[in-house]
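Hi,

Here is the structure I promised to pass on.

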Amino acid sequence: MNNSLERGQTLYGFDRMAIYRTVVGYLADLLIVADRTGRFIWTEAANRCIPELRSKEELYEWIHPEDLTGLKRFFFSMETSYSPIDLTFRFRRMDGEWGWMEAVGIPQSYEEEEFVVMTLRDVTAQKQKEEELRRMAFHDPLTGLPNRRLFEEHLSQSIARAKRNGYLMAVFYLDIDNFKLINDGMGHEMGDLFLIAFAKRIVGCVREIDTFARLGGDEFTILLPIVDSVGSVEKVARRIMDAIKKGWNIAGARFNTTASIGIALYPSDGTDAEVLLRNVDKALYEVKSNGRNGFKFWL
(Lines give C-alpha, C1' and ligand atoms only; values in the text may rest on other atoms or scores of the structure.)
Protein backbone atom coordinates (compact mmCIF):
# COMPACT_ATOMS: atom_id res chain seq x y z
CA MET A 1 0.00 0.00 0.00
CA ASN A 2 2.69 2.46 1.02
CA ASN A 3 6.12 1.99 -0.53
CA SER A 4 7.70 3.88 2.36
CA LEU A 5 6.98 0.83 4.51
CA GLU A 6 9.15 -1.55 2.53
CA ARG A 7 11.50 -3.70 4.59
CA GLY A 8 14.92 -2.23 5.06
CA GLN A 9 13.87 1.41 5.22
CA THR A 10 14.35 2.92 8.62
CA LEU A 11 12.84 5.59 10.82
CA TYR A 12 15.31 7.05 13.34
CA GLY A 13 17.34 3.88 12.98
CA PHE A 14 14.39 1.44 13.34
CA ASP A 15 13.06 -0.90 10.66
CA ARG A 16 9.82 0.78 9.60
CA MET A 17 8.19 -2.48 8.50
CA ALA A 18 8.98 -4.03 11.88
CA ILE A 19 7.37 -1.04 13.59
CA TYR A 20 4.36 -1.33 11.32
CA ARG A 21 3.89 -5.06 12.02
CA THR A 22 4.14 -4.45 15.76
CA VAL A 23 1.46 -1.77 15.58
CA VAL A 24 -0.80 -4.04 13.51
CA GLY A 25 -0.38 -6.78 16.12
CA TYR A 26 -1.65 -4.42 18.80
CA LEU A 27 -4.56 -3.14 16.71
CA ALA A 28 -5.93 -6.40 15.35
CA ASP A 29 -5.46 -10.14 14.92
CA LEU A 30 -6.39 -9.76 11.26
CA LEU A 31 -6.20 -6.58 9.21
CA ILE A 32 -8.06 -6.38 5.90
CA VAL A 33 -8.16 -3.58 3.37
CA ALA A 34 -11.11 -3.97 0.98
CA ASP A 35 -12.68 -1.89 -1.74
CA ARG A 36 -16.33 -0.90 -1.52
CA THR A 37 -17.43 -4.09 -3.30
CA GLY A 38 -15.83 -6.16 -0.56
CA ARG A 39 -12.88 -7.28 -2.69
CA PHE A 40 -9.84 -7.79 -0.49
CA ILE A 41 -6.96 -5.60 -1.59
CA TRP A 42 -4.60 -6.62 1.16
CA THR A 43 -4.63 -8.72 4.34
CA GLU A 44 -2.26 -9.26 7.24
CA ALA A 45 -2.70 -11.84 10.01
CA ALA A 46 -1.00 -11.15 13.34
CA ASN A 47 -2.62 -14.10 15.16
CA ARG A 48 -1.50 -17.59 14.14
CA CYS A 49 -4.91 -18.97 15.09
CA ILE A 50 -6.47 -16.94 12.26
CA PRO A 51 -5.72 -17.59 8.58
CA GLU A 52 -4.53 -14.78 6.30
CA LEU A 53 -7.57 -14.71 4.03
CA ARG A 54 -7.60 -13.58 0.41
CA SER A 55 -11.32 -12.90 -0.19
CA LYS A 56 -14.62 -12.47 1.62
CA GLU A 57 -15.76 -15.78 0.11
CA GLU A 58 -12.80 -17.47 1.80
CA LEU A 59 -13.68 -15.68 5.05
CA TYR A 60 -17.24 -17.03 4.81
CA GLU A 61 -15.87 -20.58 4.96
CA TRP A 62 -14.53 -19.95 8.46
CA ILE A 63 -17.73 -18.42 9.89
CA HIS A 64 -20.30 -20.24 11.98
CA PRO A 65 -23.35 -21.00 9.79
CA GLU A 66 -25.71 -19.18 12.18
CA ASP A 67 -23.66 -15.96 11.89
CA LEU A 68 -23.02 -16.04 8.15
CA THR A 69 -26.04 -13.90 7.23
CA GLY A 70 -24.92 -11.17 9.60
CA LEU A 71 -21.44 -11.10 8.08
CA LYS A 72 -22.84 -10.87 4.54
CA ARG A 73 -24.93 -7.90 5.67
CA PHE A 74 -21.74 -6.41 7.08
CA PHE A 75 -20.15 -6.43 3.61
CA PHE A 76 -23.37 -5.24 1.99
CA SER A 77 -23.36 -2.24 4.34
CA MET A 78 -19.85 -1.42 3.14
CA GLU A 79 -21.16 -1.06 -0.39
CA THR A 80 -24.27 0.94 0.45
CA SER A 81 -23.90 3.14 3.53
CA TYR A 82 -20.13 3.61 3.53
CA SER A 83 -20.16 4.40 7.25
CA PRO A 84 -18.31 2.77 10.19
CA ILE A 85 -19.73 -0.67 10.99
CA ASP A 86 -19.05 -3.35 13.58
CA LEU A 87 -20.09 -6.94 14.09
CA THR A 88 -19.35 -9.83 16.47
CA PHE A 89 -19.54 -13.37 15.12
CA ARG A 90 -18.29 -16.90 15.70
CA PHE A 91 -15.46 -18.25 13.58
CA ARG A 92 -13.55 -21.52 13.32
CA ARG A 93 -10.03 -21.16 14.59
CA MET A 94 -7.19 -22.99 12.89
CA ASP A 95 -7.16 -25.47 15.80
CA GLY A 96 -10.73 -26.44 14.83
CA GLU A 97 -12.40 -24.82 17.85
CA TRP A 98 -15.11 -22.15 17.58
CA GLY A 99 -14.14 -18.70 18.79
CA TRP A 100 -15.58 -15.19 18.72
CA MET A 101 -14.38 -12.43 16.41
CA GLU A 102 -15.11 -8.71 16.62
CA ALA A 103 -14.91 -6.91 13.28
CA VAL A 104 -14.85 -3.15 12.75
CA GLY A 105 -14.94 -1.53 9.32
CA ILE A 106 -13.78 2.08 8.90
CA PRO A 107 -14.19 3.88 5.55
CA GLN A 108 -11.07 5.59 4.18
CA SER A 109 -10.03 7.41 1.02
CA TYR A 110 -6.64 7.87 -0.68
CA GLU A 111 -5.98 9.80 -3.88
CA GLU A 112 -9.70 9.76 -4.79
CA GLU A 113 -9.93 6.00 -4.17
CA GLU A 114 -12.36 4.77 -1.51
CA PHE A 115 -11.71 1.67 0.55
CA VAL A 116 -12.47 0.17 3.96
CA VAL A 117 -9.97 -0.80 6.62
CA MET A 118 -11.28 -3.76 8.60
CA THR A 119 -9.80 -4.80 11.92
CA LEU A 120 -10.75 -8.24 13.23
CA ARG A 121 -9.88 -9.28 16.78
CA ASP A 122 -10.32 -12.58 18.60
CA VAL A 123 -12.57 -11.77 21.59
CA THR A 124 -13.19 -15.38 22.65
CA ALA A 125 -11.70 -14.92 26.13
CA GLN A 126 -13.81 -11.81 26.69
CA LYS A 127 -16.97 -13.61 25.56
CA GLN A 128 -16.22 -16.57 27.82
CA LYS A 129 -15.73 -14.24 30.77
CA GLU A 130 -19.01 -12.47 30.00
CA GLU A 131 -20.80 -15.82 29.79
CA GLU A 132 -19.30 -16.94 33.09
CA LEU A 133 -20.38 -13.70 34.77
CA ARG A 134 -23.88 -14.15 33.34
CA ARG A 135 -23.96 -17.75 34.53
CA MET A 136 -22.95 -16.66 38.02
CA ALA A 137 -25.61 -13.94 38.01
CA PHE A 138 -28.45 -16.19 36.86
CA HIS A 139 -27.60 -19.67 38.16
CA ASP A 140 -27.33 -21.35 41.52
CA PRO A 141 -23.63 -22.06 42.25
CA LEU A 142 -24.30 -25.42 43.95
CA THR A 143 -26.70 -27.16 41.56
CA GLY A 144 -26.16 -25.12 38.38
CA LEU A 145 -29.92 -24.60 38.13
CA PRO A 146 -31.45 -21.23 37.25
CA ASN A 147 -31.74 -19.04 40.34
CA ARG A 148 -34.63 -16.90 41.55
CA ARG A 149 -33.64 -14.00 39.29
CA LEU A 150 -33.64 -16.10 36.11
CA PHE A 151 -36.80 -17.96 37.14
CA GLU A 152 -38.69 -14.69 37.62
CA GLU A 153 -37.41 -13.47 34.25
CA HIS A 154 -38.64 -16.66 32.53
CA LEU A 155 -41.95 -16.43 34.38
CA SER A 156 -42.58 -12.86 33.19
CA GLN A 157 -41.71 -13.80 29.62
CA SER A 158 -43.94 -16.89 29.73
CA ILE A 159 -46.90 -14.92 31.11
CA ALA A 160 -46.53 -12.42 28.26
CA ARG A 161 -46.54 -15.25 25.68
CA ALA A 162 -49.46 -16.98 27.40
CA LYS A 163 -51.51 -13.79 27.29
CA ARG A 164 -50.67 -13.24 23.65
CA ASN A 165 -51.33 -16.80 22.49
CA GLY A 166 -53.93 -18.05 24.96
CA TYR A 167 -51.66 -20.68 26.54
CA LEU A 168 -52.35 -22.56 29.75
CA MET A 169 -49.27 -22.64 32.00
CA ALA A 170 -48.36 -23.91 35.46
CA VAL A 171 -46.04 -22.97 38.31
CA PHE A 172 -44.82 -25.48 40.93
CA TYR A 173 -43.39 -24.55 44.34
CA LEU A 174 -41.50 -27.55 45.70
CA ASP A 175 -40.12 -28.09 49.20
CA ILE A 176 -38.11 -31.14 50.34
CA ASP A 177 -39.77 -32.64 53.42
CA ASN A 178 -37.59 -32.75 56.54
CA PHE A 179 -34.48 -31.64 54.68
CA LYS A 180 -33.16 -30.28 57.97
CA LEU A 181 -32.80 -33.85 59.25
CA ILE A 182 -30.51 -34.66 56.32
CA ASN A 183 -28.56 -31.42 56.38
CA ASP A 184 -28.06 -31.27 60.16
CA GLY A 185 -28.16 -34.95 61.04
CA MET A 186 -25.85 -36.18 58.27
CA GLY A 187 -23.79 -33.03 57.81
CA HIS A 188 -23.88 -30.02 55.50
CA GLU A 189 -21.60 -31.71 52.97
CA MET A 190 -24.09 -34.57 52.67
CA GLY A 191 -26.88 -32.00 52.41
CA ASP A 192 -25.12 -30.33 49.48
CA LEU A 193 -24.49 -33.67 47.75
CA PHE A 194 -28.15 -34.56 48.18
CA LEU A 195 -29.32 -31.23 46.70
CA ILE A 196 -27.07 -31.79 43.67
CA ALA A 197 -28.43 -35.33 43.17
CA PHE A 198 -31.99 -34.13 43.79
CA ALA A 199 -31.64 -31.42 41.11
CA LYS A 200 -30.32 -33.92 38.56
CA ARG A 201 -33.19 -36.33 39.22
CA ILE A 202 -35.92 -33.71 38.92
CA VAL A 203 -34.40 -32.31 35.71
CA GLY A 204 -35.19 -35.71 34.19
CA CYS A 205 -38.89 -35.24 35.03
CA VAL A 206 -39.44 -32.03 33.04
CA ARG A 207 -39.09 -30.92 29.44
CA GLU A 208 -36.35 -28.79 27.91
CA ILE A 209 -38.78 -25.88 27.53
CA ASP A 210 -39.58 -25.97 31.26
CA THR A 211 -37.62 -24.04 33.87
CA PHE A 212 -36.53 -25.84 37.04
CA ALA A 213 -34.95 -23.39 39.47
CA ARG A 214 -33.53 -23.36 42.98
CA LEU A 215 -34.69 -20.41 45.05
CA GLY A 216 -32.43 -21.26 47.97
CA GLY A 217 -32.06 -23.91 50.66
CA ASP A 218 -34.40 -26.78 49.81
CA GLU A 219 -36.92 -24.63 47.93
CA PHE A 220 -37.36 -25.13 44.20
CA THR A 221 -39.75 -23.88 41.54
CA ILE A 222 -40.80 -25.33 38.21
CA LEU A 223 -42.33 -23.38 35.36
CA LEU A 224 -44.31 -25.22 32.69
CA PRO A 225 -44.76 -22.45 30.11
CA ILE A 226 -47.13 -24.40 27.85
CA VAL A 227 -49.45 -27.24 28.92
CA ASP A 228 -52.47 -28.68 27.18
CA SER A 229 -54.56 -29.55 30.23
CA VAL A 230 -54.74 -29.72 34.01
CA GLY A 231 -54.34 -33.47 33.65
CA SER A 232 -50.94 -33.00 32.02
CA VAL A 233 -49.82 -30.84 34.95
CA GLU A 234 -50.95 -33.50 37.41
CA LYS A 235 -48.95 -36.15 35.50
CA VAL A 236 -45.80 -34.05 35.89
CA ALA A 237 -46.44 -33.67 39.63
CA ARG A 238 -46.94 -37.43 40.07
CA ARG A 239 -43.81 -38.16 38.02
CA ILE A 240 -41.78 -35.90 40.32
CA MET A 241 -43.25 -37.45 43.47
CA ASP A 242 -42.49 -40.97 42.19
CA ALA A 243 -38.92 -40.01 41.29
CA ILE A 244 -38.27 -38.63 44.79
CA LYS A 245 -39.75 -41.70 46.52
CA LYS A 246 -37.33 -44.09 44.77
CA GLY A 247 -34.82 -43.60 47.57
CA TRP A 248 -31.33 -42.14 47.67
CA ASN A 249 -27.81 -43.48 47.87
CA ILE A 250 -25.50 -40.53 48.46
CA ALA A 251 -21.82 -41.16 49.21
CA GLY A 252 -22.71 -44.61 50.56
CA ALA A 253 -25.56 -43.38 52.76
CA ARG A 254 -29.01 -44.77 51.98
CA PHE A 255 -32.16 -42.94 52.98
CA ASN A 256 -35.64 -41.96 51.82
CA THR A 257 -37.38 -38.64 51.62
CA THR A 258 -40.51 -37.03 50.22
CA ALA A 259 -41.51 -33.62 48.94
CA SER A 260 -44.42 -31.20 49.08
CA ILE A 261 -45.58 -29.38 45.95
CA GLY A 262 -47.94 -26.46 45.52
CA ILE A 263 -49.31 -25.78 42.03
CA ALA A 264 -50.86 -22.65 40.52
CA LEU A 265 -52.27 -22.38 37.01
CA TYR A 266 -52.36 -19.49 34.58
CA PRO A 267 -54.85 -17.88 34.07
CA SER A 268 -57.24 -19.39 36.65
CA ASP A 269 -54.97 -18.81 39.67
CA GLY A 270 -53.54 -15.49 38.57
CA THR A 271 -52.69 -13.50 35.46
CA ASP A 272 -49.49 -11.86 36.71
CA ALA A 273 -46.31 -13.11 38.37
CA GLU A 274 -47.03 -11.64 41.80
CA VAL A 275 -50.46 -13.28 42.14
CA LEU A 276 -49.30 -16.62 40.75
CA LEU A 277 -46.35 -16.80 43.15
CA ARG A 278 -48.51 -15.79 46.09
CA ASN A 279 -51.08 -18.47 45.30
CA VAL A 280 -48.60 -21.23 44.62
CA ASP A 281 -46.99 -20.44 47.98
CA LYS A 282 -50.41 -20.79 49.65
CA ALA A 283 -50.95 -24.12 47.90
CA LEU A 284 -47.60 -25.40 49.18
CA TYR A 285 -48.43 -24.24 52.70
CA GLU A 286 -51.66 -26.26 52.64
CA VAL A 287 -49.76 -29.39 51.60
CA LYS A 288 -47.25 -28.94 54.43
CA SER A 289 -50.02 -28.22 56.92
CA ASN A 290 -51.74 -31.48 56.01
CA GLY A 291 -48.87 -33.88 56.58
CA ARG A 292 -46.56 -33.07 53.65
CA ASN A 293 -45.67 -35.70 50.99
CA GLY A 294 -48.13 -34.62 48.33
CA PHE A 295 -49.19 -31.94 45.88
CA LYS A 296 -52.12 -29.57 45.70
CA PHE A 297 -53.56 -27.17 43.14
CA TRP A 298 -54.40 -23.76 44.53
CA LEU A 299 -58.00 -23.88 43.35
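The axes of α7 and helix α8 (residues 230-245) come within 10 Å and cross at roughly 140 degrees. (Helices are DSSP runs of H or I, at least four residues, numbered from the N terminus; axes are lines fitted to C-alpha atoms over the stretch in contact, with angles from 0 to 180 degrees between N-to-C directions.) α7 and α8 are therefore oblique to each other, that is, neither under 35, over 145 nor 65 to 115 degrees. F198, R201 and I202 of α7 meet I240, A243 and I244 of α8, with contact meaning heavy atoms within 4.5 Å. That set divides into five nonpolar, no polar and one charged (Ala, Val, Leu, Ile, Met, Phe, Trp, Tyr, Cys and Pro are nonpolar, Asp, Glu, Lys and Arg charged, the others, Gly among them, polar).

Before you go further: this is a predicted model, where local features need pLDDT of at least 70 and side-chain atom pairs pLDDT 80 or more, while totals for chains, interfaces and linings use all residues. Residues are numbered from 1 along each chain as its sequence is written, and side-chain values use heavy atoms, without hydrogens and water.

Back to α7: its buried residues (under 20% relative accessible area, 1.4 Å probe, protein chains only) are M190, G191, F194, L195, F198, A199 and I202.

The other pair is helix α5 (residues 148-165) and helix α9 (residues 273-289), whose axes come within 10 Å and cross at roughly 115 degrees. Here F151, L155 and I159 of α5 touch A273, L276 and L277 of α9. This contact has six nonpolar residues, no polar and no charged.

Cheers

How values were computed. Buried means under 20% relative accessible area, exposed over 50%, partly exposed in between (1.4 Å probe, protein chains only). Helices (H or I, at least four residues) and strands (E, at least two) are DSSP runs, numbered from the N terminus.
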